[in-house]
Amino acid sequence: ATRHVPRGTERAELLAHLTDRELDVLRLIGAGRSNSEIAAELVIGAATVKTHVSSIFAKLQVRDRVGAVIIAHEAGIAG
């Protein structure tokens, strides 16, 4: 199955829907951090990180971390 990764303006519009905290989480996903590392770095619970990650996937219209990281890197917001 081919993976749909939004491009250009569409991607920028999707990123605009993320909260500041979701952007923090996305940056850390882009830097290769695990959920537990993200939780420790942002001083939030692991369950909260999972909620943010799910929300990020939904808002960016991706199925997994790889899709989210591609968008983060292309947008210049990943480690």
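Mentor: Happy to! A residue is called buried when its relative accessible area is under 20%, and exposed when that value is over 50%. Keep in mind that this is a predicted model. The chain has five helices and zero strands, so let us pick helix α4, which covers residues 46–60 and includes H52.

In α4, the buried residues are V49, H52, V53, I56, F57 and L60. They cover an arc of only 135° around the axis, which means that they lie on the same side of α4.

Now look at H52 itself. With a relative accessible area of 16%, H52 counts as buried, because the cut-off is under 20%. What does H52 touch, leaving aside neighbours within four places in sequence? H52 is in contact with R21, E22, V25 and I44.

As for the helix as a whole, the 15 residues of α4 reach 21 Å from the first C-alpha to the last, close to the 21 Å expected at 1.5 Å a residue. Just after α4, Q61 takes a positive phi of about 60°.

Stepping back to the chain, 38% of its 79 residues count as buried. Among contacts between residues at least 6 apart in sequence, 61% join residues at least 24 apart. The accessible surface of the chain comes to about 4500 Å², and 53% of that belongs to carbon and sulfur atoms.

Notes: Residues are numbered from 1 along each chain as its sequence is written. This is a predicted model: local features need pLDDT of at least 70, side-chain atom pairs count only at pLDDT 80 or more; totals for chains, interfaces and linings use all residues. Side-chain values use heavy atoms; hydrogens and water are left out. Helices (H or I, at least four residues) and strands (E, at least two) are DSSP runs, numbered from the N terminus. Buried means under 20% relative accessible area, exposed over 50%, partly exposed in between (1.4 Å probe, protein chains only). Contact means heavy atoms within 4.5 Å. The expected span of a helix is 1.5 Å times one less than its number of residues. The arc is that of the directions from the helix axis to the C-beta atoms. Accessible areas come from the Shrake-Rupley method with a 1.4 Å probe; for residues, only the protein chains shown count as cover.
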